[in-house]
Amino acid sequence: MTVHRLRSSLMWGWLAVGFGAIVAAAQIATGGFSQALVGLGLGLAIAGLGWALFLRPAVILRADAVEVRNVVRIGSISWGRIAHVDLKWTLELVGDDGARVGSFAVPRSSAPRRRRTEEPAVTPSTSDQIASEIRQRAEAARAGDMPAAGRQAPSISRTTDLTGVAIVLASAAAAVLAFVA
């Protein structure tokens with residue numbers, strides 16, 4: 001099993017968690033626990049949303065399938081059912097029945113690429129490498145070809161990520177409580 005997240009997502013996620021902890025700690029240090037509800041609520045909300053938006057989403061390459069874990073949804077598609085891998089705005093997997101699942105964890109790099117005349121190929125970005133790895137493994141799986149009976153079900157199975165939903169709701173509740181208290 002391989003878990004992919006971009007370095008920039010990890011950086012922003014840990015910055016949000018750290019900033020949330022600093023806000024909460026500063027409020028506790030200056031006002032004590034009795035007056036710390038605003039700082040604690042905002043700190044927990046910032047840290048929780050940073051975790052939910054940047055640290056939890058991932059593209060997980062398993063032996064049998066690709067799992068795309070977004071903020072509150074999980075999509076899974078077996079290797080043999082991947083018809084196309086797109087990387088226009090974000091990593092998007094297209095099943096053989098036309099179903100699509102996009103990844104919040106692997107956006108297309110917006111940094112301009114530098115082209116050097118002495119190098120025939122541009123070094124791929126992390127998102128390009130992830131897309132390339134998925135394409136190669138999907139082509140290898142399609143070479144084995146799945147029987148027609150296995151293609152009757154939808155190519156992408158989707159479920160709600162209850163942990164992601166809980167984190168988002170807890171962060172929203174912490175923010176609301178910060179202003180209500």
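Predicted model: local features only at pLDDT ≥ 70, side-chain atom pairs only at ≥ 80, totals over all residues.
Ground rules: residues are numbered from 1 along each chain as its sequence is written, and side-chain values use heavy atoms, with hydrogens and water left out. Local features need pLDDT of at least 70 and side-chain atom pairs count only at pLDDT 80 or more, while totals for chains, interfaces and linings use all residues.

**Entry: Arg 137.** I found Arg 137 in helix H3, residues 126–144 (helices are DSSP runs of H or I with at least four residues, strands are E runs of at least two, numbered from the N terminus). Arg 137 is partly exposed at 30% relative accessible area (buried is under 20%, exposed over 50%, partly exposed in between, with a 1.4 Å probe and protein chains only). Neighbours within four places in sequence aside, I listed its contacts (heavy atoms within 4.5 Å) as Leu 61, Arg 62, Ala 63 and Trp 79. A polar atom of the Arg 137 side chain sits 3.1 Å from the backbone oxygen of Arg 62.

**Entry: Glu 67.** Glu 67 is in strand S3, residues 65–69. I noted it as buried, at 14% relative accessibility. Arg 62 is among its contacts, as are Val 59 and Ile 74.

**Entry: H1 and H2.** The axes of H1 (residues 7–31) and H2 (residues 37–55) come within 7 Å and cross at roughly 170° (axes are lines fitted to C-alpha atoms, for helices over the stretch in contact, and angles run from 0 to 180 degrees between N-to-C directions). So I put H1 down as roughly antiparallel to H2 (over 145 degrees).

Methods
Polar contact = N/O pair within 3.5 Å; in protein donor to acceptor, adjacent residues only side chain to side chain. Parallel < 35°, antiparallel > 145°, perpendicular 65-115°, else oblique.
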